[in-house]
Amino acid sequence: MSLPQNALHGILHPEVQAHLHGLVQHDDALLDRLEAYGRERGFPIVGRSSGRVLELYARAIGARRVFELGSGFGFSAWFFARAVGPEGRVYCTDRDEHERVAFRELYADHPLATRIEHHVGDALEVLATTPGEFDCIFIDVMKEDYPRTVEAALPRLRRGGLLLIDNLLWGGRAARPVDLKDPAAAAVHAKDHATAGVVEATRLLMTDPKLCAMVLPIGDGLGVALKLE
Ligand SMILES: C[S@@+](CC[C@H](N)C(=O)[O-])C[C@H]1O[C@@H](n2cnc3c(N)ncnc32)[C@H](O)[C@@H]1O
């Protein structure tokens with residue numbers, strides 16, 4: 001659950017967040033290692049409750065091919081890798097080579113590693129050079145890049161596929177009206193490209209007649225869009 005650096009808190013009451021987190025039980029020590037590694041680094045992973053929702057949606061549509069834009073060391077990919085089954089594939093991307101090194105060390109010879117390809121490079125460039133359609137595409141890159149990432153991802157989804165996007169509430173900032181008559185507020189707003197990216201990406205999802213979409217108030221706000229045609 002990555003949050004803007006100046007967010008005061010998550011979108012949920014901390015007790016509710018802890019409750020949702022605690023509901024997701026599992027029997028794989030790798031998930032604990034991934035979480036601990038993320039905590040050590042202060043790295044913004046989606047969190048266990050959003051991860052479970054990603055897995056649930058991927059399983060619900062029988063996903064076999066999943067593409068992630070912004071994978072880090074493979075926390076969210078753990079959930080998708082479980083969902084796609086032994087014949088499935090999760091394409092991970094991160095522009096930072098260090099994330100692939102960490103991914104390899106953490107997964108080592110874990111059985112789920114055979115379902116994951118971790119690519120280093122710009123996520124949109126890797127998407128463009130990876131052939132075929134995808135059942136699920138998950139977006140978790142820089143928030144200012146969200147609108148163009150949504151536009152590039154949608155044509156690559158199969159009909160009946162799901163576009164999933166993290167941070168669409170952005171620590172609550174996406175829901176906060178800005179008083180543009182207040183010069184101080186307007187100046188901050190003009191420089192806040194991340195919130196603008198989140199708001200525009202949400203607009204794209206919610207106004208596209210070829211999608212059935214909503215933002216779920218879990219984690220930092222998880223966008224879910226089903227491609228209808
Ligand atoms: C929020 S983290 C991803 C967390 C991951 N989805 C998880 O929950 O485990 C975002 C990652 O995206 C990477 N990133 C940001 N913009 C990118 C881009 N345009 N191409 C590739 N990677 C990018 C960053 O290096 C960072 O590791």
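# A guided look at a predicted model

Visitor: What does β4 make together with helix α7 and β5?

Guide: A right-handed β-α-β unit: β4, then helix α7 (residues 146-153), then β5. Keep in mind that this is a predicted model.

Visitor: How do you know how confident the predictor is in the protein chain?

Guide: Look at pLDDT, which runs from 0 to 100. The mean for the protein chain is 94, and 96% of its residues reach 70 or more. Residues 3-8 are another story: pLDDT stays under 50 there, and the model has eleven contacts beyond four places in sequence for them.

Visitor: What makes you say that β1 and β4 pair?

Guide: Pairing takes at least two bridges. Strand β1 (residues 65-69) and β4 have four bridges, in the parallel sense, so they pass that test. In this pairing, Phe67 stands opposite Ile137 of β4.

Visitor: And what joins β4 to β5?

Guide: Five bridges, and β4 and strand β5 (residues 157-165) run parallel. The cut-off is at least two bridges, so this counts as a pair too. Here Cys136 has Leu162 in β5 as its bridge partner.

Visitor: How many residues of β4 are buried?

Guide: Six of the six, so strand β4 (residues 134-139) is described as mostly covered.

Visitor: Why does Val215 count as buried?

Guide: Val215 has 15% relative accessibility, and that is under the 20% cut-off, so it counts as buried. Val215 sits in strand β6 (residues 211-216). Not counting residues up to four places away in sequence, those it touches include Leu168, Leu169 and Thr202. The C-alpha atoms of Val215 and Leu169 are separated by 8.0 Å, although these residues are 46 apart along the chain.

Visitor: What about Glu99: buried or exposed?

Guide: Buried. Its relative accessible area is 3%, and the label needs a value under 20%, so Glu99 qualifies. Glu99 belongs to helix α5 (residues 97-107). Beyond its neighbours within four places in sequence, Glu99 is in contact with residues including Phe43, Gly72 and His118.

Visitor: What makes the link between Glu99 and Arg41 a polar contact?

Guide: The N or O atoms have to be within 3.5 Å. The side chains of Glu99 and Arg41 are joined at 2.7 Å, so the distance meets the cut-off.

Visitor: Which residues are closest to the ligand?

Guide: Val46, Gly70, Asp94, Ala123 and Asp140 are the closest, out of 18 residues that surround the ligand.

Visitor: How do you know that Gly70 has a polar atom within 3.5 Å of the ligand?

Guide: A polar backbone atom of Gly70 is 2.9 Å from a nitrogen atom of the ligand. With Asp140, a polar side-chain atom lies 2.9 Å from a nitrogen atom of the ligand. With Asp122, a polar side-chain atom lies 3.1 Å from a ligand nitrogen atom. Both values are within 3.5 Å, so they pass as well.

Terms used. Residues are numbered from 1 along each chain as its sequence is written. This is a predicted model: local features need pLDDT of at least 70, side-chain atom pairs count only at pLDDT 80 or more; totals for chains, interfaces and linings use all residues. Side-chain values use heavy atoms; hydrogens and water are left out. Buried means under 20% relative accessible area, exposed over 50%, partly exposed in between (1.4 Å probe, protein chains only). Helices (H or I, at least four residues) and strands (E, at least two) are DSSP runs, numbered from the N terminus. A crossover is right-handed if, with the strands pointing away from the viewer, the path from the first strand over the helix to the second runs clockwise. Contact means heavy atoms within 4.5 Å. A residue is near a molecule or strand if one of its heavy atoms lies within 4 Å of it. A polar contact is a pair of N or O atoms within 3.5 Å; within protein, one must be able to donate a hydrogen and the other to accept it, and residues adjacent in sequence count only if both atoms are side-chain atoms.
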